[in-house]
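Have a look at it first.

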Number of protein chains: 2
Amino acid sequence: MKKSDFEKQKGASLSHQLIKVGRLINERGLAAARNAFHIPELKQSHLDLFPYIDFEGTSVSEVAKRKGVSKQSVSKLVQEMVHMKILFLKKDPEDSRSKLVFFKTSGPFTIQKGFEALMSIDRLLIDHLGEKSYTSALKKVSDFVEIFQSENQN
Amino acid sequence: MKKSDFEKQKGASLSHQLIKVGRLINERGLAAARNAFHIPELKQSHLDLFPYIDFEGTSVSEVAKRKGVSKQSVSKLVQEMVHMKILFLKKDPEDSRSKLVFFKTSGPFTIQKGFEALMSIDRLLIDHLGEKSYTSALKKVSDFVEIFQSENQN
DNA sequence: TACATTAGTCAACTATGGTTTACTAAAAAT
DNA sequence: ATTTTTAGTAAACCATAGTTGACTAATGTA
């Protein structure tokens, strides 16, 4: 394999490009979120918890189960986010052992601001691609996510 | 913001979906590469070096500069990959301080096998999307990469 | 020729994001 | 009622991926 083939192959792999763009966006997303929340201590690991917390509140154990990590590690991250005033806790009325985790929806560090940060990146994409192209790309990429989440081997 | 809005917004963000699919593919890519090379010790950090090594050979310092990390850390990873027989070193005839890093192109652990591993993931995508759709997706995603690499701020 | 810079390495340290072990308290099962 | 399981936490530990500082040897420059 010659150099030119190598370079060609790298650019020609959709997988490769998807990994790359995912990382680039993630980098920006973290920066944007830190900025939105005015919290430089916000780390990747904190953001990674977001998708597993429902608006109706989710217990620490449930978040851990969904994410596939120990509840100890989730517990620590949640406490830090409570300190940062991004989340708050409420006793589960059904089970007094359990603590439900919620997003703060008022105050300076609401989840809405986090979304605005993410959306500013989408804004950039829309500006470059146009609304129509953005929408069709979204559909396509969502299909990819579907494929990789449903496929178990290969 | 209600739950339904939240879920809708998450699914509707191209950024979010791109981050997600990138991670899912990366996960599979690492598994596939470990398998291709029959080297369970192969780590993410090793794979991350690949894009910075040319077929004509690249010095440790140059790889470090390209990747934006210290040459000490690159040096260590390169040594490990030499042990794994993925790379080999050759003295630079122009500068006897410098060591050029090359991909092994013969033996059991060639870069070709690494590509086959990555390509098997692309195969999966082609099977699900069809050739035409794959190609148009590739073009689109490559545009995204371009956007995020060229844009410096928002 | 002497001095500064660069390539590479080693060892010690650091940050991150976990896990494992050990514990308390509440709930569920027998 | 006793035992077992579950929720949460704290502390110690671990792997990964990097940094910084100190050094050698080769190169480049005044």
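This is a predicted model: local features need pLDDT of at least 70, side-chain atom pairs count only at pLDDT 80 or more; totals for chains, interfaces and linings use all residues.

Let's start with α5(A), where the buried residues are Val74(A), Leu77(A), Val78(A) and Met81(A). Looking down the axis of α5(A), you'd find those buried residues within an arc of 105°, so they line one face of the helix.

As for length, α5(A) has 13 residues and spans 18 Å from its first C-alpha to its last, close to the 18 Å expected at 1.5 Å a residue. After α5(A) comes Lys85(A), and its phi is positive, near 65°.

**Zooming out to chain A**

Chain A has 7 helices and 3 strands. If you trace chain A along the sequence, the pattern goes α-α-α-β-α-α-β-β-α-α. Out of its 154 residues, 31% count as buried. Now take the contacts in chain A with a separation of 6 or more: 47% of them come from residues 24 or more positions apart.

Here's one residue to look at. Phe115(A) lies in helix α6 of chain A. Is Phe115(A) buried or exposed? Phe115(A) is buried, because 21 other C-beta atoms lie within 10 Å, and the cut-off for buried is 20 or more. Phe115(A) and Ala36(A) are 79 residues apart along the chain, yet their C-alpha atoms are separated by 9.1 Å.

**Two copies**

Now bring in chain B.

The contact between the chains takes 51 residues from chain A and 50 residues from chain B. On the chain A side, α1 (3-12), α2 (14-37), α6 (111-129) and α7 (131-150) each supply at least two residues. Which of them gives the most? That's α2(A), with 15 residues. Sorted by class, the side of chain A that touches chain B has 24 nonpolar, 16 polar and 11 charged residues. Also, 98% of the interface residues of chain A are interface residues in chain B too, so the copies meet through the same surface.

**A helix covered by both chains**

Let's look at helix α7 of chain B, residues 131-150. This helix has 20 residues and reaches 29 Å from first C-alpha to last, close to the 28 Å expected at 1.5 Å a residue. Its buried residues are Ala137(B), Leu138(B), Val141(B), Phe144(B) and Phe148(B). They cover an arc of only 125° around the axis, so they sit on the same side of α7(B). Over on the other side of α7(B), the exposed residues are Glu131(B), Lys132(B), Lys139(B), Glu146(B) and Ser150(B). What covers the buried residues of α7(B)? The cover includes α2, α6 and α7 of chain A, along with α2 (14-37) and α6 (111-129) of chain B.

**And the DNA**

Last stop: the DNA strands. DNA strand D is surrounded by 20 residues, and the closest are Ser61(A), Ser75(A), Gln44(B), Ser70(B) and Ser73(B). By class, that surface has 2 nonpolar, 11 polar and 7 charged residues. From chain A, α4 (60-67) and α5 (71-83) each supply at least two residues of the surface near DNA strand D, as do α3 (44-47), α5 (71-83) and β3 (95-103) from chain B.

DNA strand C has 20 residues around it as well, the closest being Gln44(A), Ser70(A), Ser73(A), Ser61(B) and Ser75(B). The surface near DNA strand C has 2 nonpolar, 11 polar and 7 charged residues.

Technical notes:
Residues are numbered from 1 along each chain as its sequence is written. Chains are lettered from A and ligands numbered from 1 in the order in which they are written. Two residues are in contact if their C-beta atoms, placed from the backbone, lie within 7 Å. Helices (H or I, at least four residues) and strands (E, at least two) are DSSP runs, numbered from the N terminus. Ala, Val, Leu, Ile, Met, Phe, Trp, Tyr, Cys and Pro count as nonpolar, Asp, Glu, Lys and Arg as charged, and the others, Gly among them, as polar. A residue is near a molecule or strand if its C-beta atom, placed from the backbone, lies within 6 Å of it. The expected span of a helix is 1.5 Å times one less than its number of residues. A residue is buried if 20 or more other C-beta atoms lie within 10 Å of its own, exposed if 12 or fewer, and partly exposed in between; C-beta atoms are placed from the backbone. The arc is that of the directions from the helix axis to the C-beta atoms.
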